[in-house]
Amino acid sequence: MLNDEPQWVALYTRAHAEKKVSSRLTEVGIENYFPTQRRLHRWSDRMKWIEVPLLPSYIFARITKLQEYQIRSVDGVAWSIKFNGQTVTIPDEQINILKEIVNSDKEVYVHNLHELKQGALVQVIAGSFAGYQGYIYKDKEKCHDKNRFGVSINVVGKVFVVDLDEDVLEAIPIKKTKNTRSKASQKNDDNNTAATS
């Protein structure tokens, strides 16, 4: 939920308006992130590398509760992503990982959430992603031995992944939850068991 501290949110824009919205947000002093990727486009007479949106019709903005009303007046913004009437926020860590993935020299794969199976939680120990934590994802339809490391941003229903070698990944052990029940309640259970036996 938005408050007085800036937090990342997802904005849905009108078709092909992502770049203009990003520029307008920058003009009014709102931090934003418009992820793009290079694609080789083929015309009838030539080919050229162009920048295309990684996530068409979406950009991310870092705003406060007060700025939520300001972005509604930005031309090109259709709406912010909400749940139960509240604008949904995105953790800084997820946007940071997404930026690293997009800025890397690796090909970025974008999947719908239901297309991939989330695996182990890992930390990258070498390379441009060193220090970041994320999950290994497997394609539900295709069998391959590639380690696809990435981040899911549930707000937009997408997973962003890159292929990494196994030797740069280190599994993070899952912490077991301790039994927080008091000794008194456990003693009562023992007494109840003894009474009914």
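Predicted model: local features only at pLDDT ≥ 70, side-chain atom pairs only at ≥ 80, totals over all residues.
Within helix 3, the buried residues are Ile95, Ile97, Leu98, Ile101 and Val102. These residues cover an arc of only 160° around the axis, which places them on the same side of helix 3. Glu93 and Asn103, by contrast, are exposed on the other side of helix 3. In general, an α-helix has 3.6 residues a turn, so residues three or four places apart point the same way.

Most residues other than glycine have a negative phi. Histidine 16, although it is not a glycine, has a positive phi of about 65°, and it is found in the loop between strand 1 (7-13) and helix 1 (18-27). A positive phi, near 75°, is also found for serine 57, again a residue other than glycine, and serine 57 belongs to the loop between strand 4 (47-53) and strand 5 (58-63).

Among the aromatic side chains, the count comes to three pairs. The rings of tyrosine 12 and tyrosine 58 have centres 5.2 Å apart and planes at 80°, so this pair is edge-to-face. Because tyrosine 12 lies in strand 1 and tyrosine 58 in strand 5, the pair ties together parts that are 46 residues apart in sequence. Tyrosine 12 counts as partly exposed, at 26% relative accessibility, while tyrosine 58 is buried, with a relative accessible area of 17%. In the pair formed by phenylalanine 129 and phenylalanine 149, the ring centres are 6.2 Å apart and the planes lie at 50°, so the pair is tilted. This pair links distant parts of the chain, with phenylalanine 129 in the loop between strand 11 (116-124) and strand 12 (133-139) and phenylalanine 149 in strand 13 (residues 147-153), 20 residues apart. Both phenylalanine 129 and phenylalanine 149 are buried. Ring pairs also join Tyr12, Tyr58 and Trp79 into a cluster.

Charged side chains are likewise placed over aromatic rings. The charged end of lysine 99 sits over the ring of tyrosine 33, 5.4 Å from its centre, and arginine 148 lies over the face of tyrosine 109, at 4.0 Å from the ring centre.

Notes
Residues numbered from 1 in each chain as written. Heavy atoms only, no water. Buried < 20%, exposed > 50% of the residue type's maximum accessible area, 1.4 Å probe, protein only. Helix = DSSP H or I, 4+ residues; strand = E, 2+ residues; numbered from the N terminus. Arc of directions from axis to C-beta. Phe/Tyr/Trp six-rings, centres within 6.5 Å; stacked < 30°, edge-to-face > 60°. Lys NZ or Arg CZ within 6 Å of the ring centre and 35° of its normal.
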